[in-house]
Amino acid sequence: MQHRAFEEFAARLAEVDGQAHLVAGWAGAADLARGLAAGGSVVVSPSLAAAAPELIDALGEQAQVGSSDSAVAGAAEAAVGMVLGDLAIVETGSVLSSEDELADRAVSMLTPTLIQVAPAASLVSSLDDAADWLSQRAGRAGYAALITGPSRTADIERSLTIGIQGPAVVHVALLDDGGEA
């Protein structure tokens, strides 16, 4: 990973009140989540839990894995949610996540604090790169979302409000050990 690319990604994300972290593998991602949860639970999307069982181990008893049975309630009640990111886009500070299951989407949309986890190798320069990635997925089932910082709206009396339609706090944890997600 290029250090400059990470710095630019972090700067773009900071412009929209998000925070980027370079973490040492899954243990580093778990440390970040535990710190942000401050003793509360950490709900992990099923796709991330399947891709990184070592993350669940590192989180210990704070970990909850989202399920289709209790996706909405579990995500909304957790202090922190963690989802798998497919690409981190330097140009915008966005993370592209493809989420095939309701439980994955519930974690990314309903937790008050969201951590998107992706390998540092997933950094791409532009939205054009993301469009190329998406076009290669054409025809496959699923839902893809570009998330750029905390949710924000000015629909109510033109007053900017953060966290009404999604997470109020967004962190991106890029795995610096080349760990695959």
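**Close-up 1. Pro112 and its contacts from elsewhere in the chain.** Setting aside neighbours within four places in sequence, Pro112 is in contact (heavy atoms within 4.5 Å) with Ala78, Ala79, Pro167, Ala168 and Val169. This is a predicted model, in which local features need pLDDT of at least 70, side-chain atom pairs count only at pLDDT 80 or more, and totals for chains, interfaces and linings use all residues. Residues are numbered from 1 along each chain as its sequence is written, and side-chain values use heavy atoms, with hydrogens and water left out. Pro112 and Pro167 are 55 residues apart along the chain, yet 4.5 Å separates their C-alpha atoms.

**Close-up 2. The loop that holds Pro112.** Pro112 lies between helix 6 (102-110) and strand 7 (113-119); helices (H or I, at least four residues) and strands (E, at least two) are DSSP runs, numbered from the N terminus. Pro112 counts as partly exposed because its relative accessibility is 37%, between the cut-offs for buried (under 20% relative accessible area) and exposed (over 50%), with a 1.4 Å probe and protein chains only.

**Close-up 3. Strand 6, covered on both faces.** Six of the six residues in strand 6 (residues 94-99) are buried. Ser94, Leu96 and Ser98 make up one side, and Val95, Ser97 and Glu99 the other.

**Close-up 4. The partners of strand 6.** Strand 6 pairs (at least two DSSP bridges between the strands) with strand 5 (residues 87-89) in the antiparallel sense over three bridges, and here Leu87 sits opposite Leu96. Four residues separate the strands of this hairpin, where Gly93 has a positive phi near 75°. Strand 9 (residues 143-147) also pairs with strand 6, antiparallel over five bridges, with Tyr143 opposite Glu99.
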